[in-house]
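I opened the model and kept notes as I went.

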Amino acid sequence: MRRRKKHRINIGPAVGRIMWALLFATALILLTPTPERDTGPPPKIEIKDDFLATPTKYDRFRNYLRNHGFAITRDQLPLLIEVSKRQVEGNPSEIAEKLSQKGYQITDEKIKVILHTFGGKYIAEYNPE
């Protein structure tokens, strides 16, 4: 009886070729430029509905305060809003009352305004009655 020879499969060159193919594929992926839509800034969303595009009454009041130089430190609308300004022209308690009145005119709700200035803290709430 003859002994059969066991055939060994030489997998070394096959593994080497597979590794070179993976290295080449990785290099291609890394060197390929990505499209602008993937790496650019997020697209700007435009609101077409007029109802959703208009600012709310509270946003209008916040914008009014910012446009007149007040910094909003605490915002708990519709109950109260706390603003600060280093220096105001006139009596700060009257300014706080005017801001509260303007808040009522814009929002149709009573809003307590707390005004912080260099001179202290002033609280006002407009009462339309």
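Where is Ser-100 found? I placed Ser-100 in helix α5. A reminder to myself: this is a predicted model.

I listed its contacts beyond four places in sequence: Ile-111, Val-113, Ala-124, Glu-125 and Tyr-126.

Next, the sheet. I found an open sheet of four strands in the order β1-β2-β3-β4, with mixed pairing. β1 (71-76) and β4 (120-125) each have a single partner strand, so one side of each lacks a neighbour in the sheet. I noted an average twist of 15° from one strand to the next.

I looked at the β2 and β3 pair. These strands run parallel and are joined by five bridges. Val-83 has Leu-115 in β3 as its bridge partner.

Then the helices on the sheet. α4 lies across β1 and β2, at about 15° to β2. α5 packs on the sheet and touches β2, β3 and β4. I logged about 35° between the directions of α5 and β4.

Last, the largest nonpolar core. I noted 16 residues in this core. Phe-61, Leu-65, Phe-70, Ile-81, Val-83 and Leu-99 touch the most other members. Two or more residues come from each of α4 (57-67), β2 (80-84), α5 (92-107) and β3 (112-117). α5 gives the most, with four residues.

I followed up Phe-61. Beyond four places in sequence, Phe-61 touches several residues, including Leu-77, Ile-81, Leu-99, Ile-106 and Ile-111. Lys-102, Gly-103 and Thr-107 are also among its contacts.

Key: Residues are numbered from 1 along each chain as its sequence is written. This is a predicted model: local features need pLDDT of at least 70, side-chain atom pairs count only at pLDDT 80 or more; totals for chains, interfaces and linings use all residues. Side-chain values use heavy atoms; hydrogens and water are left out. A nonpolar core is a set of buried Ala, Val, Leu, Ile, Met, Phe, Trp, Tyr and Cys residues joined through side-chain atoms within 4.5 Å. Buried means under 20% relative accessible area, exposed over 50%, partly exposed in between (1.4 Å probe, protein chains only). Contact means heavy atoms within 4.5 Å. Two strands pair if DSSP finds at least two bridges between them. Axes are lines fitted to C-alpha atoms, for helices over the stretch in contact, and angles run from 0 to 180 degrees between N-to-C directions.
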